[in-house]
Amino acid sequence: MSAIKTISSTPFSDQKPGTSGLRKKVTVFQREHYLENFVQSIFDSLEGFTGETLVVGGDGRYYNDVAVHTILKMAAANGFGRVLVGQSGLLSTPAASCIIRKYNAFGGIILSASHNPGGPDGDFGIKYNIGNGGPAPEKYTEAMFQRSKEINTYKILDAENIDLNAQGRYTLGDMLVEVIDPVTDYAELMEELFDFPKLKSMFRSGSFSMCFDAMHAITGPYAKQILEEQLGAPEGTVINGVPLPDFGGGHPDPNLAYAKELVETMNGISAPDFGAASDGDGDRNMVLGKRFFVTPSDSLAIMAANAHRIKGYKKGITGIARSMPTSAAADRVAERLGINSFETPTGWKFFGNLLDAGQCTLCGEESFGTGSDHVREKDGLWAVLFWMNIIAERHQSVEEIVTEHWKSYGRNVYSRHDYDAVDATVAGDIIDNLRSRFVSLMGHGFGAYCIEKADDFSYTDPIDKSVSKNQGIRILFTDGSRIIFRLSGTGTEGATVRIYLEKFEPNEALQNIDAQEALADLIDIAEELSGLKAKSGRSGPTVIT
Ligand code: VG1
Ligand code: CO
């Protein structure tokens with residue numbers, strides 16, 4: 001019999017979950033008791049899990065293996081009845097969500113810092129998901145944080161590590177551990193939603209070619225199995241398909257700056273028809289046509305407008321939810337379809353209630369995230385399959401699909417400018433300063449633009465009525481253009497300031513313009529309003545998406 005040990009510990013003051021769980025440098029997580037304290041704080045703030053099932057897995061980044069064993073032993077010591085864990089401790093975020101739902105688990109622990117770099121000097125993260133498969137809402141994360149500030153002991157089983165490299169059933173104290181294939185359940189769900197025979201014949205006929213960049217992150221095995229093995233895409237369709245603990249030294253963030261190899265391929269003369277990439281934990285996606293980039297905001301709108309063509313969504317969609325900084329392109333589709341549209345704060349945890357209540361079917365964020373009610377997380381490979389299925393139905397190129405959409409709905413020209421690792425005090429002051437000027441800014445003109453309203457976004461959840469304040473500074477102009485300023489809640493170094501810029505262009509003749517060019521005036525106004533470059537000493541953004 002393995003003994004349950006109660007270990008004395010002292011609290012850490014910095015275990016406040018951000019936009020998506022607790023993210024810190026690996027070196028912080030390696031501090032004695034740091035991970036254990038947070039895991040015990042999660043368990044202490046939950047009720048009624050004795051004998052229940054917990055799902056555990058992560059994106060395979062450095063420290064994933066160490067953390068999984070610790071969590072298994074702590075789950076056993078705290079009274080869980082069963083843990084489902086992905087083989088080698090791996091699960092993509094959407095697969096974890098799928099498995100929690102499918103097996104009616106009590107919840108899940110996902111180990112990931114998503115798009116943040118990995119390795120011994122990189123980032124690590126831990127996130128708790130509730131029984132609906134989605135990220136724990138704020139009332140849970142707040143309770144975990146409060147608990148972490150006072151915790152003084154944690155419980156752990158004194159036992160040998162079990163072998164996670166082979167599928168099978170093991171016991172850890174009184175708890176059953178099932179090591180499962182990370183891909184099977186997820187692949188089955190995808191097959192229910194999309195027309196696999198049609199996609200297969202598209203590859204077989206040679207009428208369609210694609211490149212999928214897994215960025216040496218968790219989606220590699222999922223994409224290889226589904227695209228190459230099940231759908232018959234030629235071997236080599238998936239590039240960088242082997243997950244590595246440091247993602248090969250890169251940022252596993254699927255955008256034009258970091259998915260370099262894919263972007264070069266898609267800009268080349270012999271570019272395939274379709275390009276896609278996903279992030280560290282598999283929940284984000286970027287989609288590209290031949291020499292053509294689809295903004296995530298447009299992607300959400302186009303998926304919604306075409307959902308009726310897709311097997312799993314033929315019955316219709318009930319509504320579309322988008323995060324506040326995401327462009328209003330999706331709202332236009334919702335309006336035309338006569339369905340609900342919602343504007344939520346940033347982070348997937350705000351979509352869960354709406355999805356559970358059947359108020360919306362599709363959700364999306366400007367940060368390369370789209371998803372639906374099939375799970376309670378954003379889902380990278382799902383979005384890619386959705387796009388492939390649209391292409392299979394419409395027999396058009398990505399560019400044709402997007403430009404036709406603009407022609408019909410107008411184009412919400414959009415861009416996000418990120419300033420990484422800004423001094424946290426400087427960043428905080430910039431936001432505070434904007435916040436103090438809301439009244440004086442109203443009615444203020446800048447050339448052709450006039451400010452109609454300035455505020456700090458606040459959200460009341462339509463289902464449980466919980467209120468989330470201070471979710472981003474909005475500068476709204478009379479012509480519908482917007483500038484949003486927000487501080488990131490996922491970074492681990494200084495502050496990341498995000499500026500979101502949006503302008504509506506109804507005129508077809510002007511729609512094919514470069515976004516930075518179209519938004520040039522708003523970019524200048526953002527600097528005039530915030531003084532960000534001047535105050536941070538930067539000449540421009542770290543990343544433009
Ligand atoms: C960022 C994105 C947000 C996303 C979050 C988690 O948050 O902006 O849209 O939900 O990352 O995604 P922030 O607070 O840094 O802006 V992931 O793929 O990192 O789990
Ligand atoms: Co992610």
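Predicted model: local features only at pLDDT ≥ 70, side-chain atom pairs only at ≥ 80, totals over all residues.
On one side of helix H18, Asp524 and Glu528 are exposed. H18 covers residues 520–530. Its buried residues are Leu522, Ile523, Ile525, Ala526, Leu529 and Ser530. Seen down the helix axis, these buried residues fall within an arc of 160°, so they line one face of H18. Asp524 and Glu528 are on the other side. Just after the helix comes Gly531, with a positive phi of about 65°.

H4 runs over residues 93–102 and is mostly covered, with 8 of its 10 residues buried. The buried set is Thr93, Pro94, Ala95, Ala96, Ser97, Cys98, Ile99 and Ile100. At the start of the helix, look at Ser92. A side-chain oxygen of Ser92 reaches to within 3.1 Å of the backbone nitrogen of Ala95. Ala95 is itself one of the buried residues of H4. Just after the helix, Asn104 takes a positive phi of about 45°.

That phi value leads to two more residues. Most residues other than glycine have a negative phi. Ser88 is not a glycine, yet it has a positive phi of about 60°. Ser88 belongs to strand E4, residues 82–90. With a relative accessible area of 34%, Ser88 is partly exposed. Met215 is not a glycine either, and its phi is positive, at about 55°. Met215 sits in a loop, between strand E10 (210–213) and helix H8. At 8% relative accessibility, Met215 counts as buried, because the limit for burial is under 20%.

Now turn to ligand 1. The space taken by ligand 1 is the largest cavity. What kinds of residue make up the shell around ligand 1? There are no nonpolar residues in the shell, which divides into 10 polar and 10 charged. Of the 20 residues around the ligand, Thr19, Ser114, Ser367, Thr490 and Arg498 come nearest.

Several side chains place polar atoms beside oxygen atoms of the ligand. For Thr490, a polar side-chain atom lies 2.5 Å from an oxygen atom of ligand 1. For Ser114, a polar side-chain atom is 2.6 Å from an oxygen atom of the ligand. Both Ser114 and Thr490 are among the residues that come nearest. Asp279 also takes part. An N or O atom in the side chain of Asp279 is 3.1 Å from an oxygen atom of ligand 1.

Arg61 is placed in the loop between strand E3 (53–58) and helix H3 (64–77). Is Arg61 buried or exposed? Arg61 is buried, with a relative accessible area of 1%. A polar atom of the Arg61 side chain lies 3.3 Å from the backbone oxygen of Pro117. Thr370 is found in strand E18, residues 369–372. Its relative accessibility is 3%, so Thr370 counts as buried. The side chain of Thr370 makes a polar contact with the side chain of Asn285, at 2.9 Å.

Two separations give a sense of scale. Gly236 lies in the loop between helix H8 (219–230) and strand E11 (238–239). Gly236 is partly exposed, with a relative accessible area of 48%. How far apart are Gly236 and Ser372, C-alpha to C-alpha? They are 29 Å apart in space and 136 residues apart in sequence. His417 provides the other separation. His417 is in strand E19, residues 411–422. With a relative accessible area of 6%, His417 is buried.

Key
Residues numbered from 1 in each chain as written. Chains lettered and ligands numbered in written order. Heavy atoms only, no water. Buried < 20%, exposed > 50% of the residue type's maximum accessible area, 1.4 Å probe, protein only. Helix = DSSP H or I, 4+ residues; strand = E, 2+ residues; numbered from the N terminus. Arc of directions from axis to C-beta. Near = heavy atom within 4 Å. Polar contact = N/O pair within 3.5 Å; in protein donor to acceptor, adjacent residues only side chain to side chain. 1 Å grid on protein atoms, 1.4 Å probe; cavity = no way out; pocket = protein on both sides within 12 Å on 5 of 7 lines; lining within 4 Å. Sits in = over half its atoms within 2 Å of the grid points. Nonpolar A, V, L, I, M, F, W, Y, C, P; charged D, E, K, R; others polar.
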